[in-house]
Structure formats: structure tokens, C-alpha cells
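The following exercises are to be worked through with the sequence and the 3D structure at hand. Each task is followed by a solution in steps.

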Amino acid sequence: MTRIAKSTLALVALVAAVAAYVLIGTFLGSLPRVGWGWITLLAVGAVDVVLAIRIRSAIDDGGVGQDRSQMHPLTIARCGALGQASAVLGAAAGGVGVGLVVYFVPRLGELAAAGAEMPASIAVLVSGVLLVAAGLFLESACSPPPPEDEAEGLAQPT
């Protein structure tokens, strides 16, 4: 499985930021409040970090295999896909947070909703960035170590 490109994450964040800015400007009165949904992003990020630590530990200890006491390689591959999906979700959420913050900051004095929604908008932005970091950490933890012959070849000068 190939690693997710940083440019893909940047593009997702940019599209989400522009969409959030346009949508909030168009439908400000009819959209629901941002609320506490960003906590879910933090929970998914915490799960990603715990999985990454557990997978790294299994790889370092040689606990990867098909025995019942070992972590199955397919489970690690699925966790890698979860890491990529988390990174994309975090990029989208961070982009929405950027769009909201960019819309609300210049309007803090004139819109009551701007002052009320600013803390939640910043929370969405921060939790999105943290989810991207957690997803990329999980993805990197799931990548297989280099083969021993390549690792030895890199360590010895030729």
C-alpha cells in the first residue's frame, strides 16, 4: 500500500476550506451551530495513536504473524488504511475549521454568531490538525520495516 501524499491532504483541506467559507457566507442563518462534534475527531485520533503504539510494539517484538498470540498482518494493513482515512478526514475537518475561522474573524464586531461560533471553529481546526497527525502516525507505524538484507547493506559502507 502506498503512503498518502501530503499534496492530497493539502488539496482536501483547501477544497473544504473554500466550501466552508462559501457555505457559511450563503447559509449562515439556516445552518446548525458547530457544537461539540469536534470531540469525535479527538476520539478517533486517540484510537489511532493507541493502535499505532500497539502495532509498533508488535513489529518491534516480532509479534506479527498468523498465530493466535500474534497480530495478524491483515489487521495491520487495515489499520494502515484507517490511518489514511483518518488523515483525509482530519484534513477535511481542518479545512472546514480554517474556512469558518477565516469567515468569522473579520466579522467579530458585526455578527453575534461570529463571537459565539469562534471557539468551536478553532476547536474544529485544531482537532482536524491533530487527527491528520494521528492518522499519519498510524500509517507510518503500519509500514513494514525494510528487509534485513537491505538494512544491513545500508549500515555497511560499500
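**Exercise 1.** How far is the sulfur of Cys142 from the closest cysteine sulfur, and in which residue does that sulfur lie?

*Solution.* The model examined here is predicted.
Step 1. The cysteine sulfur closest to that of Cys142 belongs to Cys79, at a distance of 5.3 Å.
Step 2. A disulfide requires two cysteine sulfur atoms within 2.5 Å. The sulfur of Cys142 is therefore too far from that of Cys79 for a bond.
Step 3. Starting from Cys79 leads back to Cys142: its sulfur is the closest cysteine sulfur, 5.3 Å away.
Step 4. A search of the whole structure accordingly gives 0 disulfides.

**Exercise 2.** Determine whether Cys79 and Cys142 are buried or exposed.

*Solution.* 
Step 1. The cut-off for a buried residue is a relative accessible area under 20%.
Step 2. Cys79 has a value of 9%, so this residue is buried.
Step 3. Cys142 has a value of 12%, so this residue is buried as well.

**Exercise 3.** Classify the aromatic pair formed by Tyr21 and Tyr103, and state which helices it ties together.

*Solution.* 
Step 1. Two rings pair if their centres lie within 6.5 Å, and planes over 60 degrees apart count as edge-to-face.
Step 2. For Tyr21 and Tyr103 the centres are 5.5 Å apart and the planes are at 75 degrees, an edge-to-face pair.
Step 3. Tyr21 belongs to helix H1 (residues 6-26) and Tyr103 to helix H3 (residues 73-104), so the pair joins parts that are 82 residues apart in sequence.
Step 4. Tyr21 is partly exposed, at 34% relative accessibility, whereas Tyr103 is buried, at 9%.

**Exercise 4.** How are the axes of H1 and H3 arranged, and what is the hand of their crossing?

*Solution.* 
Step 1. Two packed helices are described by the angle and the distance between their axes.
Step 2. The axes of H1 and H3 come within 7 Å and cross at roughly 40 degrees.
Step 3. This angle makes H1 oblique to H3.
Step 4. The crossing of H1 and H3 is right-handed.

Conventions. Residues numbered from 1 in each chain as written. Predicted model: local features only at pLDDT ≥ 70, side-chain atom pairs only at ≥ 80, totals over all residues. Heavy atoms only, no water. Phe/Tyr/Trp six-rings, centres within 6.5 Å; stacked < 30°, edge-to-face > 60°. Helix = DSSP H or I, 4+ residues; strand = E, 2+ residues; numbered from the N terminus. Buried < 20%, exposed > 50% of the residue type's maximum accessible area, 1.4 Å probe, protein only. Axes fitted to C-alpha atoms, helices over the stretch in contact; angles between N-to-C directions. Parallel < 35°, antiparallel > 145°, perpendicular 65-115°, else oblique. Left-handed = near helix turned anticlockwise from the far one by under 90°.
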